[in-house]
Amino acid sequence: MSAARRSLRVAGSAVFWLALLTLPLWLTHVGGYTALGTKILVYGIAALALNLLLGFTGGLSFGHAAWFGLGAYGAGMTLKYLAPSTPLAILVGTVVGGVAATLLGPLVMRRRGIYFAMITIAIGQLFYFIAVRWNNVTGGEDGLAGFERAPLHIGPWVYDIHHDAKYYYVVLACFAVAVVIMKLLLASPLGHTWVAIRENRRRLQFLGVRIDLYIWAAFAISGTLTALAGTLNALLFNFTSPQDLHWILSGNFVIMIVLGGMRKFWGPLIGVAIFVVAQDYLSSVTDNWMTAIGLLFVLIVLLFPKGLLGMLGRRGKEAA
Amino acid sequence: MQLLLFNAFNGLIQGVFYALMALGLALILSLNSVINMAHGGFLVIGAYLAYTLAPYLGFWGALVAGPLGAAVIGLVVERFLVRPLYKRPDPLYTLLLTFGLALIIEDLTRTIWGAQGLPFQIPDILNSSVSSVLFFITGYRVLVVGITLLVVLGLWAMLRYTRLGIRIRAGTLDLETVSSLGVNIYLLRALNFALGCLLAGLAGVLAAGILGLTPPMGSSLIMPSFVAIIVGGVGSLVGAVLGGLIIGVAAGITTTYYPAASDAVIYLIMLVVLVLRPRGLLGQEGLFE
């Protein structure tokens, strides 16, 4: 990489993080609202995490809403039944989702392609039905309400996150931590092995690499980070419902990733931003927003299979 | 005891619907390599078409026309949306495409026919009980089981003895070789897709007579059908039927003892099967991986 491109890259990421840091200041002026920005970051964590498995390891998981929803219920139920502590809620939710993903990972780690996708879909639905039917604890179909994110106590200071803009910075901090973790993982030997599995699984097998264990690791880590996003989502709305576990949400995560570009680290975030804004806008202008979203799916698949960043990247490569 | 029989029989009827759905899904999965998330949508199309046409064609006419309508729409979808994706080997894209279609079909059904449930009229003669002790065995339910039995046997004979059936089976094993032998595999795949949609439409019409019509009926039946395929073994049509019946009856029996778990038990069976027999009851080694 030339010095010019490197400084361009540093400048780009500085602008990116600065824009995120100041988002509550400018988002309202361009027609958005702070909670929308928070939601983009929350879904962004989930989509980037799922992409570790989908884009980098090549495992087509269509059931990631399970970990998202488990995180959400874990956080909500901690606040409601256990203790009014936001950090504890985030921790419990993330651990619950992460442990579930880790335990169920061995069921899928040796499967490929269609089989992998189908089993993850079905596993996701298991948790959906538990949430719907176990209604005296989970609130059933109506969802889990009656909890609220509690103020953060940092030493002698109290940071009241009731306000949307203040909670945004909590989410941004988690987002930054998650991004750093994922970047470090992808730069590590583990991350390189994931990409190698995607590119040529059989060759790796011949080299004696236990690919099932690496896929398990990808599944567990991806599930844990998705659960973290789920906890933040429950705290954002002070509410969670079985919809957070439903396969439609799993599908939405996947389409967001494909829309942005699944071969690029930041692709999913772009997809999330477009998808969440489009969904927000469409549901306010038409009752048939489901049809609109469905058409979006069809058009993306037929016309932009490489995603937006993928298309830009290809052009950049040709120029270089 | 009678309650147990009652629930088990209800479960069997549910299992029949799962089996019909799973059979179509498995056909499309094995020859078209498509996880058809829109399969529930074709079920809904079949059911609502039958509902709309029943006043003109009568019950029996609608029973035929509904599934045929679903098959025709399936042909159109295959030709214009699925076919361009065959050249991309990753199942991701067809999965997302049919997922989008599922959303569109459910939403448009709601717009056209309304969100509230509609009743599907069946002839009075079918509503009466066959036996006074086993009051729950109505003529219609016998009909449902009978038609399904006929269809499954017919499909088996078709796949076993006709030229088309033999080509479909050969295509699931090695599509390239079949193609190089001069078979038009595009036509073969199109017919196979339509056949799968026909089965989904049939399941829809039959289910409408018992459950009534609602726009989300497809999405509530498709997930158990996936489970039926996984339990029965991906790649095995007999397995798909067997899986559907097993989970249907199991859910029915669970209703007797612990109704709240009747949905979750389906997925628990799946997990147990996956642990004990990772490829499902009748799955084949190495297929679809």
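**View 1. Ser33(B) sits in a loop of chain B and is partly exposed.** This model is predicted. The loop that holds Ser33(B) runs between α1 (2–32) and α2 (39–82) of chain B. How accessible is Ser33(B)? Its relative accessibility is 34%. Partly exposed covers values between the buried limit of 20% and the exposed limit of 50%, so Ser33(B) counts as partly exposed. Now look at the backbone. Phi of Ser33(B) is near 50 degrees, a positive value, and the residue is not a glycine. Most residues other than glycine have a negative phi.

**View 2. Asn238(A) also has a positive phi.** The angle is about 50 degrees, and Asn238(A) is not a glycine. Where does Asn238(A) lie? Look in the loop between α11 (211–237) and α12 (247–260) of chain A.

**View 3. A positive patch lies on the surface of chain A.** Which residues gather here? They are Arg5(A), Arg9(A), Lys183(A) and Lys264(A). Take Arg9(A) as one of them. Arg9(A) belongs to helix α1 (residues 3–21) of chain A. Its relative accessibility is 59%. Exposed means over 50%, so Arg9(A) counts as exposed.

**View 4. Nonpolar side chains form a surface patch on chain A.** The patch covers about 550 Å². Its members are Ile270(A), Ile274(A), Leu299(A), Leu303(A), Phe304(A), Leu308(A) and Met311(A). Which elements give two or more residues to this patch? They are α13 (267–285), α14 (289–303) and α15 (307–319) of chain A. Ile270(A) comes from helix α13. With a relative accessible area of 33%, Ile270(A) is partly exposed.

**View 5. Leu108(B) lies in a helix of chain B.** The helix is α3 (residues 92–113). Is Leu108(B) buried or partly exposed? Its relative accessible area is 38%, so Leu108(B) is partly exposed. Compare its place with that of Gly243(B). Along the chain, Leu108(B) and Gly243(B) are 135 residues apart. Their C-alpha atoms are separated by 31 Å.

**View 6. Two cysteines, Cys174(A) and Cys197(B), are buried.** Cys174(A) has a relative accessibility of 16%. For Cys197(B) the value is 0%. Buried means under 20%, so Cys174(A) and Cys197(B) both count as buried. How many disulfides are there over all chains? The count is zero. A disulfide needs a pair of cysteine sulfur atoms within 2.5 Å.

Notes. Residues are numbered from 1 along each chain as its sequence is written. Chains are lettered from A and ligands numbered from 1 in the order in which they are written. This is a predicted model: local features need pLDDT of at least 70, side-chain atom pairs count only at pLDDT 80 or more; totals for chains, interfaces and linings use all residues. Side-chain values use heavy atoms; hydrogens and water are left out. Patches are made of residues with over 30% relative accessible area and no salt bridge: like charges are joined within 9 Å, nonpolar side chains (Val, Leu, Ile, Met, Phe, Trp, Tyr) within 5 Å. Accessible areas come from the Shrake-Rupley method with a 1.4 Å probe; for residues, only the protein chains shown count as cover. A salt bridge is a side-chain nitrogen of Lys or Arg within 4 Å of a carboxyl oxygen of Asp or Glu. Lys and Arg count as positive and Asp and Glu as negative; His and the chain ends are not counted. The place of a charge is taken as NZ of Lys, CZ of Arg, CG of Asp or CD of Glu. Helices (H or I, at least four residues) and strands (E, at least two) are DSSP runs, numbered from the N terminus. Buried means under 20% relative accessible area, exposed over 50%, partly exposed in between (1.4 Å probe, protein chains only).
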